[in-house]
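User: Got a two-chain model here that I'd like to walk through. Can you take my questions as they come?

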Amino acid sequence: MGNRTVIPFGPQHPVLPEPIHLDLVLEDEVVVEAIPRIGYIHRGLERLVEKKDFQQYTYVAERICGICSFMHGMGYCMTIESIMDVKIPERAGFLRTMWAELSRLHSHLLWLGLLADAFGFESLFMHSWRIREQILDIFEQTTGGRVIFSVCEIGGVKKDINTEILQKISEIMINVEKEVTEIANVFLNDSSVKYRTKGVGVLSKQDAFDLGAVGPMARASGIDLDMRKLGYAAYGKLKFEPIIETDGDSYARTSVRIREIFQSIDLVKQCITLMPEGDIKVKVTGNPNGEYFTRIEQPRGEVVYYAKANGSKFLDRLRVRTPTFANIPALLETLKGCDLADVPILILTIDPCISCTER
Amino acid sequence: MEQQTIRIISPNELLTETLLLKNDGYRMVAISCTNKNGMELSYSFDKDYELLNLRFIIDCDVEIESISCIYPFSFLYENEIKELFGVKIKNISVDFNNNLYKISVKTPFNMKKEDE
């Protein structure tokens, strides 16, 4: 046995945009154990349901995270709609799906940029974020916001998108697809990039299942798990299959996200083609009474919303289980046996969102 | 709407029921706690996109068993519930002893009115 050392990693670290702490137990340069610590910025947003009524809380839900903001708003609205048995118009479902897929697109591009930055490929980082800007421009044009949109409400959506802008989005998608193809080639085929990702941080299919991994982390290890298959919003009317890889290493996780970018582009195009005419919201009256668990697929994986309502304006409980929280045990497993130098890349390959986790 | 089932059990049945689900190929999705008329604990499991919840209600001073011997990754959920709600959970595989979160108050999701 080599010399054992404990190295604190985080909560402040150049590779971490948000605080998480790991105590890394090393034998020489190899990690033998990692002990996590979170909660540096725990906000207790779940308890705000006691102070904000169920309609107002949509705004709070959107602020759980700045990357999956729209999906948090959508997941929360879907939960309350299920409790109140509200059926949203078909067009609202398609609009929600389109914004959700655009959110996945920008989130994965953001992650690719961060990954490139972590292994020191600055120009690749800049290209990834330059492409992402086009998606943020779509958000700005269609919702008025680039980060928090505030378009989702209980009963549908607040804003419609006209045919002319839908056509424009379609053209932007063609351009984004072309540009992503170029950077995807570097992420997947460049020897210096592969050297940092191929065979690093392997998570077997069994471990991924046993450790409760979700999202691209699970799918890169061969688990067919994608909550969009539940068919919520308009997903039941679109053609897609979960993206699966089997190697379970950092390269596979990168590959899954890159292929999901192309999948999201395709889903946005399908939404534009199939978008029905009609209303975008229904009037919701009364207060929710009952409980429901909603699951949707965020860029980082399955997120669970549980709401319990008592017939008043204020919910008894809202619980949000975020994908990063679910992926922490799997991260700890991938860290075992890796070199200290690979720790930042491995932490990044779960695409951690501490803001979500510290809801 | 997604199919979901809530099965009411007693706290004593938790380990047996969880083990049966594990052996049946269920994935543990989350553990949730609601502080209303006692501590209502819901253990959510998934198989083939169907959600099954095991549920029981206990008083705050009742100690329950950890399921981390069956689903090892449940330690995070259990530490969270222990720390935020003050639910007593024993035999957690990795017990942070109320130090998972850096929070300034004890059991913030189960505070007495006068403390708030």
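User: Experimental or predicted? And how is it numbered?
Analyst: The model is predicted: local features need pLDDT of at least 70, side-chain atom pairs count only at pLDDT 80 or more, and totals for chains, interfaces and linings use all residues. Residues are numbered from 1 along each chain as its sequence is written, and chains are lettered from A and ligands numbered from 1 in the order in which they are written.

User: What does the C-alpha trace of chain B span?
Analyst: About 45 × 30 × 25 Å along its principal axes.

User: And which elements does chain B have?
Analyst: There are 2 helices and 6 strands in chain B. From the N terminus they run β-α-β-β-β-β-α-β. Helices (H or I, at least four residues) and strands (E, at least two) are DSSP runs, numbered from the N terminus.

User: How much of chain B is buried?
Analyst: Buried residues make up 37% of its 116 residues. Buried means 20 or more other C-beta atoms within 10 Å of the residue's own; exposed means 12 or fewer, and partly exposed is in between, with C-beta atoms placed from the backbone.

User: Tell me about α2(B). Mostly covered or mostly open?
Analyst: Mostly covered. Of its 12 residues, 11 are buried. Among them are F75(B), L76(B), Y77(B) and I81(B), but also E78(B), E80(B), K82(B) and E83(B).

User: What covers them?
Analyst: The cover includes α10 of chain A, together with β2 (27-35) and β6 (88-90) of chain B.

User: And how far does α2(B) reach?
Analyst: This helix, residues 74-85, reaches 16 Å from first C-alpha to last, close to the 16 Å expected at 1.5 Å a residue. The expected span is 1.5 Å times one less than the number of residues. G86(B) follows, with a positive phi near 80 degrees.

User: How are the strands β6, β7 and β8 of chain A arranged?
Analyst: They form an open sheet in the order β6-β7-β8, with antiparallel pairing. Two strands pair if DSSP finds at least two bridges between them. β6 and β8 of chain A stand at the edges with a single partner strand each, so one side of each has no neighbour in the sheet. The twist averages 10 degrees from one strand to the next.

User: How many bridges between β6(A) and β7(A)?
Analyst: 10, in the antiparallel sense. Q298(A) stands opposite G301(A) in β7(A).

User: Which helices pack on the sheet?
Analyst: α2 (residues 69-84) of chain A touches β6 and β7 of chain A, and its direction makes about 145 degrees with that of β6(A). α10(A) touches β6, β7 and β8 of chain A, at about 130 degrees to β7(A). Axes are lines fitted to C-alpha atoms, for helices over the stretch in contact, and angles run from 0 to 180 degrees between N-to-C directions.

User: Last topic. Where does D85(A) lie?
Analyst: In the loop between α2 and α3 of chain A. D85(A) has a positive phi of about 55 degrees although it is not a glycine. It counts as exposed because it has 9 C-beta neighbours inside 10 Å.

Terms used. Two residues are in contact if their C-beta atoms, placed from the backbone, lie within 7 Å.
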